[in-house]
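This briefing looks at pairs of charged side chains in one protein model. Please keep the sequence and the structure in view while reading.

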Amino acid sequence: MLTYLRDLLSSKDGREHGMRNVFIAGVGQTPVSKQSELDLRTLGATAVRAAIRDSGLEDPTALFVGNMLSGMLSEQQQLGALIATSAGLHGVEAATVEASCGSGGAAARWGVMAIASGAHDVVVVCGVERMTHAARERTTRALAAASDFDTEGGRGETFVSLNARLMSAYMHEHRVDASVFGPFAVNAHRNAARNPHALFKKEVNEQTYNDARQVEGPLKLFDVSPICDGSAAVVLVSEDVAKRVARSGAPLVRVRGSAISTDALGLDDRQNLLHLAAVERSAKRAFASAGVTPDDIDLLELHDAYTVMSVLSLEAAGFAPVGRGYTLGQDGSIRVEGKLPITTMGGLKGRGHPVGASGVYQLVEAYSQLTGQAAGNQVQNARLAMTQNMGGTGATVITHILERAA
């Protein structure tokens with residue numbers, strides 16, 4: 001491990017403009033649930049304290065919190081200070097990051113930049129969301145704020161209707177029926193069933209998928225991720241601190257690539273409805289900073305809030321040709337034992353989608369894979385993992401590429 005860290009001092013892979021290398025030294029998470037008994041501050045602080053314990057460190061100097069809905073559903077802003085105090089991190093730099101469903105990934109991007117720039121040596125990133133205590137109609141309206149409200153949310157559109165539109169357009173453009181999306185839901189639930197932190201513990205098969213009730217045509221029940229509560233956290237550290245952690249024998253994962261890109265918020269403002277331009281740009285920038293290609297990735301935690309988003313993301317990020325992303329589900333490539341395992345701990349669909357926390361859950365799960373701690377969902381010989389967290393229907397996309405540091 002120490003030899004590996006010394007070698008990095010002369011390596012430029014994964015660095016932006018000569019910035020420092022960044023490592024994940026510890027992770028924490030709460031089980032994803034409905035009607036959590038924990039209030040917002042306790043939910044976040046529980047994951048933060050767990051991540052700090054896991055790292056063996058006691059001196060974080062910054063906390064970045066990813067959250068989307070606390071102001072609308074809990075009448076509570078200032079989560080940075082709130083959760084820092086609750087977690088016992090008195091006086092640290094702290095702030096909340098909002099990028100709708102991509103808030104967790106965006107907070108991690110802030111944390112990576114804080115370490116890489118030299119501003120901090122130990123940073124905690126937390127994603128937290130409490131959604132199920134509010135009436136479902138209120139939560140649906142709040143989620144719609146992540147769309148272009150003038151042209152979408154304010155005119156009655158929801159993310160269910162927007163993704164139904166995308167799915168319908170994909171089926172028409174590529175002459176496929178809804179069943180081609182089934183393997184993505186089946187895979188997510190299969191993996192979630194072996195994840196103790198996942199919301200759903202029951203596997204489904206393709207017949208169950210096809211027979212499920214329609215939510216909004218052509219979307220069916222198992223195409224849609226659930227509303228839920230949860231919190232996850234990671235501890236990011238500099239090389240100098242990573243050497244200290246390595247001496248204790250604790251596992252480390254390097255953040256080899258990190259990037260964020262945006263696209264038009266409203267679907268009608270995009271040149272191509274079925275091309276997720278921010279997914280493509282974010283992925284390309286992360287690949288470039290990491291010095292790798294899609295063929296090098298051993299597992300992918302993508303933003304499967306809707307099955308159609310899995311397919312569109314695989315195509316835009318370069319893992320499948322346009323119009324052929326669904327075939328990775330048909331041929332088994334996306335399974336844990338496949339060529340490109342995705343949603344290895346259940347993803348947003350099976351583990352659950354507490355929106356502002358999902359991007360950090362992805363990092364926790366990728367860390368567990370790269371450090372050999374994924375138990376029944378372990379991807380064998382995993383060295384490089386990619387996470388991609390999305391805000392809205394692809395308006396903000398954050399990509400991280402992680403490498404096993406051993």
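**Salt bridges in the model**

Arg-335 and Glu-337 form a salt bridge through their side chains, with a distance of 2.7 Å from N to O. The model is predicted, and it contains 11 salt bridges. Side chains of opposite charge can pair when their charged atoms come close.

**Arg-335 and Glu-337**

- Arg-335 has a relative accessible area of 31% and is partly exposed.
- Glu-337 is exposed, because its relative accessible area of 58% is over the 50% cut-off.

**Arg-138 and Glu-75**

- A salt bridge joins Arg-138 to Glu-75, and their closest N and O atoms are 2.5 Å apart.
- This pair connects distant parts of the chain, since 63 residues separate Arg-138 in helix 6 (residues 136-143) from Glu-75 in the loop between helix 3 (70-73) and helix 4 (79-86).
- Arg-138 is partly exposed at 30% relative accessibility.
- Glu-75 is exposed at 59% relative accessibility.

**Glu-403 and Arg-256**

- Glu-403 and Arg-256 also form a salt bridge, in which the closest N and O atoms are 3.1 Å apart.
- Here too the pair links distant parts of the chain: Glu-403 lies in strand 11 (residues 396-404) and Arg-256 in strand 8 (residues 253-262), 147 residues apart.
- Glu-403 has a relative accessible area of 7%, so it counts as buried.
- Arg-256 is likewise buried, because its relative accessibility of 9% is under the 20% cut-off.

**A network**

- Salt bridges link Arg-254, Arg-256, Arg-383 and Glu-403 in a network.

Note on methods:
Residues numbered from 1 in each chain as written. Predicted model: local features only at pLDDT ≥ 70, side-chain atom pairs only at ≥ 80, totals over all residues. Heavy atoms only, no water. Salt bridge = Lys/Arg side-chain N within 4 Å of Asp/Glu carboxyl O. Helix = DSSP H or I, 4+ residues; strand = E, 2+ residues; numbered from the N terminus. Buried < 20%, exposed > 50% of the residue type's maximum accessible area, 1.4 Å probe, protein only.
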